[in-house]
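Please read the following numbered points beside the sequence and the model.

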Amino acid sequence: MRNQDITFDENGIIRSTQFGDIYFNPHSGIEESRHVFLHGNALPQRWDDGHNHTICELGFGTGLNCLLTVQTFEKKKKPHQHLHIISIEKYPLDKSTSKKAIAPFQEQLSPYAQTLIDEYPLLIRGAHRIHLSSNVQITLIFGDAQDALQKLEYPIDTWFLDGFNPSENPEMWSDKIFENMARLSHDQTWFSTFTAAGFVRRGLENAGFNVKKTNGFGQKRDMLHGRFKQNQKLQTVPTKDVHIIGAGLAGASCAYTLAEKGFNVHIYDQSDQPPQGASSNVMGLINPKPSVSSTTVGTLSLVGYDLLLRRLHRLSSKYDLAFRHNGNEHLIDTP
């Protein structure tokens, strides 16, 4: 997929050449993000209830908003409270550019900035899961925001609207976007954005949001924030015990993932340790099935392979997995 065309000037300002807009001011990027997206959405105060929280961000960019939000959440969270950030980016930065972009904030946002770089996925269209801590996960979606939101079926508690300037990037601020925001919102959903453009305010109001104009950050005089005003109640599902029969690869993987999400997992297996069934190989071979053309199966295989490699590298730092990233040669038989 196409990544973003950017330049770094002599002052360290990162600019999109496609949209003619900057990502943030390197001297006040954190303060601006805190003012617009944290304070604008009454965070972290809204985390005091101890409930799990889901944020959807339109415009991942360099990941600065995510990193600051995670750092703030980790300082404020209650026991067993989880944060899920869904962030959508149509023109992502590659790993090396992203590392350079957040370098000025590496120390301030430690250790999450380094974890994001370590976990940064391949530039493959689709959804990628990143774990920044045991209580925080990011679903990073590379693709068009409108398409991604149409497929999303997940209640959102907070919206970060951080696309480029609406006059240069109008598709990020369309009525379809606002309609899908409304579909995924409930009566406790908040939003905030750096822009105060009139058509953005009217679009959000028409979709059912109560919109307020407030002081912007720095040279930006105004910004918008508000709440969804329609009476759509959030349907919560309490954390329950999960029982898994079989401690093979599938059972162990499901148990690990569910435990990360806060479930109480109980595993039943005839052996005293996993995975002793099936072939009981000491080591298996990871063998993805990529496709030259952009097919659903090929994309799923690549995304899954990328996620597995990142997860195995992370687990290898904690456990002796005997994992080796050697590669595998496939030869074509010719008559």
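1. Thr158 belongs to strand S8, residues 158-161. Helices (H or I, at least four residues) and strands (E, at least two) are DSSP runs, numbered from the N terminus. Thr158 is buried because its relative accessibility is 0%; buried means under 20% relative accessible area, exposed over 50% and partly exposed in between, with a 1.4 Å probe and protein chains only. The side chains of Thr158 and His53 form a polar contact of 2.8 Å. Such a contact is a pair of N or O atoms within 3.5 Å; within protein, one must be able to donate a hydrogen and the other to accept it, and residues adjacent in sequence count only if both atoms are side-chain atoms. Not counting residues up to four places away in sequence, Thr158 touches several residues, including Asn41, Leu43, His53 and Trp190, where contact means heavy atoms within 4.5 Å.

2. The basis of these values should be kept in mind. The model is predicted: local features need pLDDT of at least 70, side-chain atom pairs count only at pLDDT 80 or more, and totals for chains, interfaces and linings use all residues. Residues are numbered from 1 along each chain as its sequence is written, and side-chain values use heavy atoms, with hydrogens and water left out.

3. Strand S7 (residues 136-142) is largely enclosed by the rest of the structure, because seven of its seven residues are buried. In a regular strand the side chains alternate between the two faces of the sheet. In S7, Val136, Ile138, Leu140 and Phe142 point one way, while Gln137, Thr139 and Ile141 point the other way.

4. Which strands pair with S7? Strand S6 (residues 126-133) runs antiparallel to S7 and is joined to it by seven bridges, with Gly126 opposite Phe142. Pairing requires that DSSP finds at least two bridges between the strands. A hairpin of two residues connects S6 to S7.

5. His131 lies in strand S6 and is buried, at a relative accessible area of 7%. Its side chain makes a polar contact of 3.2 Å with the side chain of Arg311. Among the residues that His131 touches, not counting those up to four places away in sequence, are Thr115, Glu119, Glu260 and Arg314.

6. The largest nonpolar core has 63 residues, of which Leu149, Trp159, Leu204 and Phe209 touch the most other members. Helix H2 (residues 64-76) supplies the largest share of this core, six residues. A nonpolar core is a set of buried Ala, Val, Leu, Ile, Met, Phe, Trp, Tyr and Cys residues joined through side-chain atoms within 4.5 Å. In soluble globular proteins, nonpolar side chains tend to be buried together.

7. Rings of Phe, Tyr and Trp (its six-membered ring) pair if their centres lie within 6.5 Å; planes under 30 degrees apart count as stacked, over 60 as edge-to-face and the rest as tilted. By this rule there are six aromatic pairs. Tyr120 and Phe142 form a tilted pair, with 6.5 Å between centres and 50 degrees between planes, and both residues are buried. The pair of Phe209 and Phe228 is edge-to-face, because the ring centres are 5.0 Å apart and the planes at 65 degrees. Phe209 lies in strand S10 (residues 209-215) and Phe228 in strand S11 (residues 222-228), so this pair ties together parts 19 residues apart in sequence. Ring pairs link Phe191, Phe209 and Phe228 into a cluster.
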